[in-house]
Each structure stands twice: as C-alpha cells, then as structure tokens.
Amino acid sequence: MADGAVSENVVTTEILGDVALVCIDNPPVNASGHAVRVGLVEAMEALNGAGEAKAIAIWCAGRTFMAGADIREFGKPSKPPALPDVFNVIEQSAIPVVAVMHGTALGGGFELGLCCHARVAIAGSKVGLPEVLIGLLPGAGGTQRLPRLAGIPFALDMSLSGRQVPVEEAAEAGAIDRVVTGEPRAVALDMAKAVVAGDLPTRRTDQIEAAYDADLLAEAKAAAQAKNPNLVNPGKCVDAIAACNLPLPEGLKVERQCFLDCMETPQRAGLIHAFFGERAVSNIPEAKGPSRDVQTVGVIGGGTMGSGIATACLSAGLNVVLVEVAQEGLDRGVSTIGKNLDGAVKRGKMSAEKKDAALGRLTPALELDALAAVDLVIEAVFEKMEVKREIFGKLDAICKPGAVLASNTSYLDINEIAAATSRPADVLGLHFFSPAHVMRLLEIVQGAETAPEVLATGFALAKKLKKVGVLAQVCDGFIGNRILAHYGLCSGYLVLDGASPQQVDRALEDFGFAMGPYKVSDLAGLDIGWETRKRKAGDRDPAERYAGDIPDRICERGWFGRKTGRGYYLYDASAPVPNPEVAEIIDAVRAEKGLTPRAFSDQDIVDRYMTAMIVEAARVVEDGTAKRPLDVDMVFLFGYGFPRFRGGPLHYADTLGAAEIVARIERYAEDDPHYWQVPAILRRMAAEGTSFADLNKS
Ligand code: 3H9
C-alpha cells in the first residue's frame with residue numbers, strides 16, 4: 001500500500017458468499033488514475049489477507065471497462081503505485097482473478113485483463129492497445145503478456161496498429177477466454193462462481209512461454225521505422241515485445257525502460273496534445289447550447305467540393321438535395337458522389353448496402369426551389385462575392401423559416417454574404433477541406449449576427465459528420481488559409497532566394513509533413529493561387545516582396561499541377577519527377593531580379609517556414625480569429641497535413657520557446673523587415689516567459 005494514499009471509493013469490493021467482486025467506478029472511462037491504482041492494490045491485499053474468497057472478478061461500472069492509464073497524469077511526477085506494479089500484485093494473487101471486460105478495454109485496461117488469471121468479455125465490446133497513437137507503447141505488461149497468450153504476430157499487430165479489436169477476434173487469437181452476453185456485474189458474479197466451480201479454467205500468464213520468432217521481430221522493427229521515420233515509439237515497442245522470451249519480471253523491466261524512454265520524448269507530448277485538443281475544440285459554450293434539428297441538407301454546387309460535402313452528409317445518414325445549374329454539372333456531381341462512395345466501399349469503410357441506401361437519400365435538382373424544405377443549406381459555388389450574395393438573396397426567399405444558411409467560402413466575408421438575406425442570424429460559414437468526405441477539419445465561422453443556436457448547429461453537424469469542428473471568426477482566410485497565405489510567401493521567398501522547390505518539399509517532409517508545399521500546390525491546382533494573386537493584384541502592399549513571379553509563369557504555360565500532368569513536378573511517370581523547365585523559369589526570374597542564389601540548409605528551410613507559420617498563427621490568436629492556440633493546432637492537424645506528433649504549430653512553438661522565435665524573426669528581419677515582424681503577443685510571451693499552453697488554460 002502506498003504511503004498516505006486514499007482510495008476515494010473508486011474501487012469497491014463486494015463479498016457474495018465465497019466470491020468477491022471488485023468494481024472500478026471512475027467516470028467517464030474508468031482510467032487508472034492514482035486513486036484506482038491504490039484502490040486495486042488495497043482490494044487485492046485485503047482479499048488475499050482475509051483468504052476467504054475462492055475467486056475474484058474485476059469489473060467496471062459505467063460505459064466501459066478501464067480505457068487505460070489516466071493520460072492527464074503523463075508528463076507530471078508519477079505517484080506510486082505504478083500500474084505495472086499494481087498488475088503484478090493482481091497476477092501474484094493466490095486467489096484466482098477473472099477480468100470481465102465491456103465497452104472498450106484499451107491500453108492499461110486491456111493490460112489489466114491480461115494480468116488476470118482468466119479473461120471474459122461481453123459480446124460486441126472491443127479491446128485495444130492504442131498507446132502507439134499517443135507516442136507510447138503498452139507499458140503495463142502488454143508487450144510481455146499478450147505475446148504469451150496470443151503469439152508475437154498478434155501482439156505486434158495490436159500494439160503497432162493501435163486498432164480496436166472486436167473481442168470475438170481477440171478470443172480467436174487466444175487473448176480472451178470466453179465471450180458472453182449480459183450485464184457486467186451479473187457476468188462478473190457468474191464468472192467468479194464458474195471459476196470456483198472449475199467451469200472457467202484459470203492460469204497465470206507469467207507461466208506461459210511465447211513462441212519466439214527473432215526474424216519476424218527484426219522485420220517488424222525495420223518496417224515500423226520505415227513507416228514512421230520520425231517516431232521513436234513504434235521501434236521501442238518492438239524492442240519491448242522482443243524481450244518476451246525472458247522470464248516475465250526481466251521482460252517487464254525491458255518494457256518499463258522502453259516505456260519511460262518514450263515518455264521522455266517531445267513526440268509523446270505532441271501526440272497527447274493532439275488527443276486532448278481534438279476533444280477540447282468542441283468543449284466550448286458555443287458548441288454546447290441547443291441546436292436545430294438537421295435531417296436534410298441542401299448542397300449548392302456539384303464540383304469537387306460540393307460533391308465531397310454531399311458525400312460526407314450522405315455517409316452520415318443525412319438526406320441531401322444537390323443543386324446545380326446545368327444538367328451536365330449535376331450529372332457530374334452525382335457521378336462524383338457515386339465514385340466517392342464506391343471508394344469508401346472498396347476501402348472497407350462502408351458496406352455495399354449502406355452505399356445504395358446513401359445514394360437513395362440523394363435528390364439531384366436543377367433549381368434552388370428544391371431547397372424549400374431543407375434544414376440546412378451549404379453553398380459551395382465559385383468564390384465570387386456577387387455570385388454568393390445573389391444565391392443567398394434567393395435562398396432567403398426560398399428556404400423555410402429556421403433553415404440554417406451556410407457558405408463553404410474559404411476566405412470571403414460571411415457578414416457581407418449574410419447581409420444579402422433578411423435573416424443574418426441564420427447564416428454562418430462552414431468551411432470544409434478538400435476532399436471534403438475525407439478531410440476531418442470543419443472551420444465553423446461565426447458571423448457578427450450568427451445566432452448561438454445556429455453556431456451550435458454547425459458543431460452538431462461536425463459531430464454527425466465525424467469531423468473536428470473549430471470555431472473561427474471572420475477574416476480573409478479564417479484560421480487556416482490566412483496562416484497559409486503568410487507562410488506560403490515564405491516558401492516563395494526561399495525558392496526565389498536559392499532553394500529549389502524539391503529541397504523545400506524534402507526538408508518539410510523530413511520534418512514530418514505528409515507532403516511538401518510544392519507537391520500540395522500541384523495537387524490542389526496551381527490555377528487557384530494564380531486566380532487569387534490576380535484578384536488581389538490591385539491591393540498588393542507595395543512594400544511587400546512579390547513571391548508570385550515563378551508560379552505565375554508556370555501557370556501562364558498552362559501547367560496547373562497534377563490535373564494538367566505538369567507543375568513543379570511532371571506526372572507522366574509512375575512517381576512525380578521535378579519539372580526541369582521550372583528550374584529554367586526559376587533561373588530566369590532570379591536573373592531578372594538580380595538575385596544571386598544562396599544556399600539554404602534543410603534545417604534553415606524548416607526554421608524559416610515554421611517561424612513564418614507561427615508568426616501568423618500567433619496573430620490569429622492575438623486578434624481572436626481563433627479562440628485559443630489549441631484551435632489553431634487542430635486546424636493544422638486535421639486540415640493541413642501538419643505532423644501530428646508535433647502537436648500543431650503553436651504546440652511546436654512552445655517547444656522552441658517565445659524568446660527563440662522572437663530572436664529568429666529579428667535575425668530574418670535584417671534581410672526583409674517588412675515580412676518579418678514580431679507579433680506583440682510573442683514579444684510579451686518572451687518577456688514574461690509564458691507559453692501558448694498557458695493561454696490554452698486561461
Ligand atoms: C496507457 O494505458 C498506458 C499503459 O499501457 C501503461 C501505463 C504505465 N485518460 O473520447 P471521449 C476522457 S495509455 C484520461 O470523448 P468516446 C476524454 O478526454 C492510455 N482521460 O469519449 C474525454 O474527456 P472530456 C491508453 C481520458 O466515448 C472523456 O474521457 N488508452 C482517457 O468517444 C470521454 O472521452 C487510450 O489511449 C484516458 N485514458 O471514446 C484510450 N480516455 O469529456 C484513449 C478518455 O473532458 N481514449 N478520456 O472531453 C479513447 O480512445 C476514447 O476516449 C474512448 C471513449 C474510446 C475510451
């Protein structure tokens with residue numbers, strides 16, 4: 001028993017004849033925080049001390065069996081007893097212990113099951129070892145006991161994928177002894193009695209030997225490192241599993257060291273920030289109030305965006321009315337939706353029956369009048385204010401009272417759009433990211449007059465679509481595209497001044513981005529940026545260095561990236577190769593501007609690009625466009641391919657510290673004082689020694 005520890009009644013014991021039921025009741029997910037750990041040790045010591053019970057069943061109250069260690073405790077000083085020690089106490093219990101799992105027994109929760117002498121699960125529930133997803137590895141015996149029970153291949157699969165495995169599959173692999181139906185407490189009582197009666201065999205996992213396969217382990221380690229070269233924990237996880245041929249106490253020591261090594265990494269902190277950030281973005285009053293019921297969504301525009309949005313809504317079980325002006329466009333939209341859904345079936349994300357049902361909920365239409373009865377409209381047409389205002393004026397006349405009117409605009413002023421209606425309180429921005437049926441980000445843009453109920457409806461829709469809804473205020477580009485416009489300039493300057501697009505891409509991919517910015521531009525279509533540059537040409541600040549000459553010239557040749565087979569890269573071959581003529585364009589532009597190219601190291605590229613991103617992200621927080629730094633982080637993780645293990649631009653900024661960022665900006669400003677300016681918020685943070693994490697808390 002730990003000194004001075006209090007069990008806080010999260011673990012209670014019932015004695016029922018010759019069996020004991022130990023219940024963990026620690027809402028919301030029965031995480032094994034300090035009180036639970038203390039309570040379990042106390043319960044085991046008391047029952048073994050008394051020696052009266054002939055079997056013990058451990059079960060959990062509420063929606064799930066233990067969902068793992070309490071992640072909120074990570075990164076803080078640990079309080080004994082540690083979870084592995086608790087599980088050793090359970091394994092050493094002279095009285096046999098059976099675990100009864102329901103809901104999602106994850107991480108330390110599944111490991112609790114593994115240390116017991118028998119495992120029973122309620123049908124339909126799931127088990128998993130998701131530690132890999134938060135920069136860790138199963139650190140409470142999972143890497144040692146699972147291979148002993150279910151073999152090394154199954155242990156590698158579960159712990160490296162982090163997937164939630166149906167208990168029926170886990171039973172087949174040997175990780176679970178019996179799958180039953182019933183309520184957890186009743187099952188716990190039955191199973192404890194079954195142990196006493198000899199109907200449920202028990203065994204100690206430490207007495208089982210794992211069939212060892214050194215080659216498989218070596219292959220798994222190489223594959224894990226190749227798949228995630230930036231991550232330490234998948235490789236460490238294989239190292240820990242590789243120790244399962246040692247006696248259990250020795251293997252557990254190796255596991256513990258590997259676990260602690262991972263705990264020390266910034267990746268673990270980044271991934272846990274991402275875990276909580278994903279939940280915290282919608283944990284705000286704006287998302288929680290009453291919302292309007294949405295069953296049928298109108299989507300205006302059958303292009304890539306509109307079709308993607310319609311696909312997302314149909315996949316979530318909503319009815320969709322898709323409106324296009326011409327039959328050809330409408331047919332194309334319907335066909336794109338069909339292809340998107342086929343893709344989901346192919347990837348095993350949707351059954352063929354569900355796809356047919358989804359298509360059955362789609363009503364194509366050529367007139368806006370078809371939107372008279374819908375609950376929510378999402379306009380996804382060409383980015384021109386006049387066009388949007390005209391559509392919203394018509395919607396005002398057509399849509400039923402109480403319908404929510406949303407624009408998918410990426411940067412236009414929602415207030416100006418809302419002013420085209422007599423009901424600006426019903427108008428908001430719902431900014432999806434392409435492909436809208438895949439990308440999880442949804443910026444929910446609040447207009448000056450948007451009603452709280454309408455905003456909450458936006459968040460409810462995000463949840464229904466399984467998207468991460470982030471609140472944003474009106475400005476050019478909202479959170480994500482506004483920041484992108486700023487650091488996009490930085491990559492343009494890097495190339496003007498001496499880097500090649502390929503070097504910029506490589507440096508940032510090595511940093512962890514899914515794709516470098518030039519590959520992304522080729523994918524999105526270079527014409528989009530070209531149009532924006534032409535549109536904004538008149539408003540350009542004369543003091544700002546123009547970074548558009550190179551992409552302008554590429555576009556003038558009709559090369560718009562992937563869709564034309566040519567952009568920064570050539571797409572004729574199976575893998576894209578650098579477009580040699582782009583190098584000629586770059587040379588010509590530099591010569592015209594009298595620029596002598598200079599060498600940038602990959603690190604310098606990353607530092608400048610990330611500093612530029614942080615600068616505008618800080619301004620977005622400072623002026624309230626984003627509610628908190630974590631909202632910016634989630635926008636980048638879920639909409640811009642930002643490396644999840646780095647937590648987002650402002651979490652990453654905290655790893656550098658405000659003082660270092662200010663020093664960098666001042667250094668870069670020696671060459672370009674107009675572009676590189678220190679935002680007041682960063683200067684203040686540097687002076688006070690505070691961080692963006694502090695702002696998340698306030
Ligand atoms: C581990 O076990 C390490 C060990 O191997 C070794 C240790 C030595 N801790 O997701 P939801 C909160 S690592 C603390 O919205 P759902 C969550 O933040 C752990 N809090 O619900 C939220 O709080 P709020 C391995 C946790 O039904 C609330 O619970 N385990 C934890 O959609 C509801 O969560 C995992 O990685 C936690 N472990 O999904 C499991 N889990 O209401 C991570 C949840 O204030 N958890 N919370 O926003 C999950 O995957 C999902 O939460 C779960 C429920 C599937 C359980």
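Entry 1: I worked from a predicted model. I looked up the strand order first. Three strands make an open sheet, ordered S5-S7-S8, with mixed pairing. I then checked the edges. Strand S5 (104-106) and strand S8 (164-166) are the edge strands, and each pairs on one side only.

**Entry 2: S7 and S8.** I followed strand S7, residues 126-128, to its partner S8. The two run antiparallel and are joined by 3 bridges. I found Gln 164 of S8 opposite Gly 128.

**Entry 3: the helix on the sheet.** I looked up helix H3, residues 108-115. H3 lies across S5 and S7. Its direction is about 85° to S5.

**Entry 4: the ligand.** I listed the surroundings of the ligand and got 26 residues. The closest are Arg 63, Gly 108, Glu 111, Glu 131 and Arg 279. By class I have 15 nonpolar, 5 polar and 6 charged residues in the shell.

Ile 71 has a polar backbone atom 3.0 Å from a nitrogen atom of the ligand. For Gly 108, a backbone N or O atom is 2.8 Å from a ligand oxygen atom. In Glu 111, a side-chain N or O atom sits 2.7 Å from an oxygen atom of the ligand. I noted the cover next. The ligand taken alone exposes 1,000 Å², and the protein buries 75% of that.

Which elements give two or more residues to the shell around the ligand? I found S5, H3 and helix H11 (266-280). H11 gives the most, with 3 residues.

Definitions and conventions
Residues numbered from 1 in each chain as written. Predicted model: local features only at pLDDT ≥ 70, side-chain atom pairs only at ≥ 80, totals over all residues. Heavy atoms only, no water. Pairing = 2+ DSSP bridges. Helix = DSSP H or I, 4+ residues; strand = E, 2+ residues; numbered from the N terminus. Contact = heavy atoms within 4.5 Å. Axes fitted to C-alpha atoms, helices over the stretch in contact; angles between N-to-C directions. Near = heavy atom within 4 Å. Polar contact = N/O pair within 3.5 Å; in protein donor to acceptor, adjacent residues only side chain to side chain. Areas by Shrake-Rupley, 256 points an atom, 1.4 Å probe, with all protein chains shown as cover. Nonpolar A, V, L, I, M, F, W, Y, C, P; charged D, E, K, R; others polar.
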